[in-house]
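Please open the model in your viewer and keep the sequence panel beside it. The stops below say what to select next and what is there.

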Amino acid sequence: MPHRTADDPGRPRLGVLPGFLVLLSPVSQLGFTPVSVVLGDQLGLSTGQVGVTVGVYPAAAALATVVLGPLFDLVPARRVLPVAVAANVVLSASLLLAPGFTGLVVARVLTGFANSALLLCAAVAVADANRGHGTARERGFSRLQTFTSVGAVVGLGVGAAAAGLGQPRLWSWTVVGYGLLVLLLAPAIARRLPPAPATTGTAGTRLRVVLTDAGAALRVPRTALVLAAAGGVGWAIQAAHYAVSLLSEELSPPLWQRVLLSVMIPAGVFAGSLLNQRLLARTGAGTLFARTYPALPVACAVLGLVVGASGAWAAAALLVVLALLGVVLGVLMPLSPAVLVGRHPDLRGSVTAADSVTKGLGSAVSPVVLGAVAAATSLTGGFLVLAAVAGVAAVAARSAAGVRDRDRHRAARRPGASSSRRVGG
């Protein structure tokens, strides 16, 4: 049975357990980015093929969440957890066999499915454990981001070290080892997960209801705007990681510098997620999302200019800007799922999946765009294009807050209306 909190016996006390689940995903996903270039050289792959192996993961993860999201509104997360962890371990171990391009792509696609299930398990657990407690739910999502950033630091650090040593298997063994640890803990974690909300009717009927309600929710303007802004976050972070990998290969720095470059963004994300929890004590997730987002296109543009600079100061400036970009991303990343689940609590699996889909699509497209623009112009030019797209996403985030404010204003003006019925939560 799930443990209960002392102040609210009806709320399961999950502690750090969901964090163990989300930590595995970035170790598996982001750690592959620096390793991919070296692995591609060992397998005789072209630059384009290496880019495909990087971009196919978020694309597969996005597809997986489309399929799995509504199911998590029907199936308890504890049933999915052991299978998802075991699949990740097996797929990471398969990379030790140094498969060709096709095998590598298949492994990354299936890993995207397994990690999407893990992330949904953690998000649904946080949503269910804090149902009806908005601030606790928002901070719970922020804590998930803290663990994600720790996993990113570990994954990128190990990946960069493995790439610098020319031993991509070092990263694979790390993923397998941690995956086995989580697999051993999976039964205990599953017992602590809260039960899914009670449902009635046949499975087919419940699924049709969920899909109908989810489709209606995604058509709500403010929900669509938040999702568009979430896609901009995924767009920025994956492009930045890929650019750092390209820059490391171009400069061929010493191993310690390669590792330092790789971990600056996730270190900043870690700091940003801690800052997020402090800021949430003062304002709601939606307002914080809208106010913070304009800093993202500015950070992308500045990073592009610093990447193209030369001189003794350029290296130090690059590290600082990478960390600041990470801080902005760390504040933003847990906000969109918190906002969406708060608006649609009965569709917590579906809207969390929709958030992951838009971020995944942004992550899948941005390395391709960055590489194409960088090849045609320069890496600075690629970042300026990324900054422009992030600027459009910032407008969407601000507009989402504006739609909410207009809804409240109209409700307040209704004669005799003391409260308004909010569409979708």
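## First stop: helix α3

Begin by selecting Val 66, which you will find in helix α3, residues 47-72; helices here are DSSP runs (H or I, at least four residues), as strands are (E, at least two), and they are numbered from the N terminus. This is a predicted model, in which local features need pLDDT of at least 70 and side-chain atom pairs count only at pLDDT 80 or more, while totals for chains, interfaces and linings use all residues. Residues are numbered from 1 along each chain as its sequence is written, and side-chain values use heavy atoms, with hydrogens and water left out.

Staying in helix α3, select Ala 59, which is partly exposed, with a relative accessible area of 33%. In this scheme buried means under 20% relative accessible area, exposed means over 50%, and partly exposed lies in between (1.4 Å probe, protein chains only). Then pick Ser 363, which is 304 residues from Ala 59 in sequence, although the two are 7.8 Å apart in space, C-alpha to C-alpha.

Which residue forms a salt bridge with Lys 359? Select Asp 355, whose closest O atom is 3.2 Å from the closest N atom of Lys 359. A salt bridge is a side-chain nitrogen of Lys or Arg within 4 Å of a carboxyl oxygen of Asp or Glu, and by this rule the count comes to one. Side chains of opposite charge can pair when their charged atoms come close.

Both Lys 359 and Asp 355 lie in helix α15 (residues 348-376), four residues apart, which is about one turn of the helix. An α-helix has 3.6 residues a turn, so residues three or four places apart point the same way. Lys 359 counts as buried because its relative accessibility is 15%, and Asp 355 counts as buried because its relative accessibility is 3%.

Next, select Arg 79 in helix α4, residues 77-94; Arg 79 is exposed, with a relative accessible area of 63%.

Move on to Leu 183 in helix α7, residues 169-192, which is partly exposed, with a relative accessible area of 30%. The C-alpha atom of Leu 183 is separated by 9.7 Å from that of Asn 88, 95 residues apart along the chain. Also in helix α7 is Tyr 178, which counts as buried at 16% relative accessibility. Val 27 and Tyr 178 are 151 residues apart in sequence, and 8.9 Å apart in space, C-alpha to C-alpha.

Show α4 together with helix α5 (residues 101-129): the two pack at an angle of about 150 degrees, with their axes 8 Å apart. That makes α4 roughly antiparallel to α5. Axes are lines fitted to C-alpha atoms, for helices over the stretch in contact, and angles run from 0 to 180 degrees between N-to-C directions. Angles under 35 degrees count as roughly parallel, over 145 as roughly antiparallel, 65 to 115 as roughly perpendicular, and the rest as oblique.

## Last stop: two covered helices

Select helix α11 (residues 285-292), which is mostly covered, with seven of its eight residues buried; among them are Leu 288 and Phe 289. Finish at helix α14 (residues 335-343), where eight of the nine residues are buried, so α14 is largely enclosed by the rest of the structure. Its buried residues include Pro 337, Val 339 and Arg 343.
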